[in-house]
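Welcome! Below is a short tour of a protein model, written for someone meeting it for the first time. Please take a moment to look it over before reading on.

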Amino acid sequence: MVKTVSERAPRIEVKFTDDHRRVEHALAELEGAWNRCDSAHARRLLLQFGRDVRQHMRAEDDILFATFEAKTGLVGAGPTAALRREHVQIAQRLEDLRADLRVAPEESEFAKHLISLRALLADHWSREEKVVFPSCDQLFEDYQKVAAIRAIERSKPPR
Ligand SMILES: [Fe+2]
């Protein structure tokens, strides 16, 4: 039976989508530093951006997707299996960017890898926001929503 999402229940879709926008903002700052040829600042921003993305993905893999898979029985198949594989690709692209910053800017593929990462994230986030987050809001008990939201809140760096 499909549950209706109560007005007062915590909303995974809202909290996880907000965190995508936060990480997206960090990506725009990184792109800005690179485009201004400020490679020292780009290096610092890449470190922070990489941490933000990895912690966001860990909250999804360990809590959100794990709960979705336990509720649906879709383990190793279905939407979260594809999204988990993309998390590995995203982590690899972050490693490519770190390696790019170790070579001279004129020989670096940083800009190309950054464009590729942005496209990968846009597609990945779109499917999470349109399919998985609303499904989690429908399927999860309130205590499971609270646990997932706590995980994404904990993933944010202290401000
Ligand atoms: Fe994700």
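## Ground rules

Two residues are in contact if their C-beta atoms, placed from the backbone, lie within 7 Å. Helices (H or I, at least four residues) and strands (E, at least two) are DSSP runs, numbered from the N terminus.

The model is predicted, so local features need pLDDT of at least 70 and side-chain atom pairs count only at pLDDT 80 or more, while totals for chains, interfaces and linings use all residues. Residues are numbered from 1 along each chain as its sequence is written.

## The overall picture

The protein chain has five helices and zero strands; read from the N terminus, its elements run α-α-α-α-α. Along its principal axes, the C-alpha trace of the chain spans about 60 × 35 × 20 Å.

Of the 159 residues in the protein chain, 21% count as buried. Here, buried means that 20 or more other C-beta atoms lie within 10 Å of a residue's own; exposed means 12 or fewer, and partly exposed is in between, with C-beta atoms placed from the backbone. Among the contacts with a separation of 6 or more, 73% are between residues 24 or more positions apart.

## Helix H1

Let's start with H1, which covers residues 12–35. The expected span of a helix is 1.5 Å times one less than its number of residues. For the 24 residues of H1 this gives 34 Å, and its end C-alpha atoms are 34 Å apart, which agrees.

Which residues of H1 are buried? They are Ile12, Phe16, Asp19, Leu30 and Trp34. What covers them includes H2, H4 and H5.

## H1 against H2

Two packed helices are described by the angle between their axes and the distance between the axes. H1 and H2 pack at an angle of about 160°, with their axes 9 Å apart. That makes H1 roughly antiparallel to H2. Axes are lines fitted to C-alpha atoms, for helices over the stretch in contact, and angles run from 0 to 180 degrees between N-to-C directions; under 35 degrees is roughly parallel, over 145 roughly antiparallel, 65 to 115 roughly perpendicular and the rest oblique.

On the H1 side, the residues making the contact include Asp19, Val23, Leu30 and Trp34. Those of H2 include Ala42, Leu45, Phe49 and His56.

Cys37 lies in the loop between H1 and H2. Most residues other than glycine have a negative phi. Phi of Cys37, however, is near 60°, a positive value. With 9 C-beta neighbours inside 10 Å, Cys37 counts as exposed.

## Two nonpolar cores

A nonpolar core is a set of buried Ala, Val, Leu, Ile, Met, Phe, Trp, Tyr and Cys residues joined through C-beta atoms within 7 Å. The largest one has 13 residues, and those touching the most other members are Ile12, Leu64, Phe68, Val132, Phe133, Cys136 and Ala148. H1, H2 (39–72), H4 (110–139) and H5 (142–154) each give two or more residues to this core, and the largest share, four residues, comes from H2.

Not counting residues up to four places away in sequence, Ala148 touches Ile12, Ile63, Leu64, Thr67 and Cys136. A second, separate core of eleven residues includes Leu30, Trp34, Ala42 and Phe49.

## A stop on H3

Ala82 has its place in helix H3, residues 78–100. Ala82 is exposed, with 11 other C-beta atoms within 10 Å.
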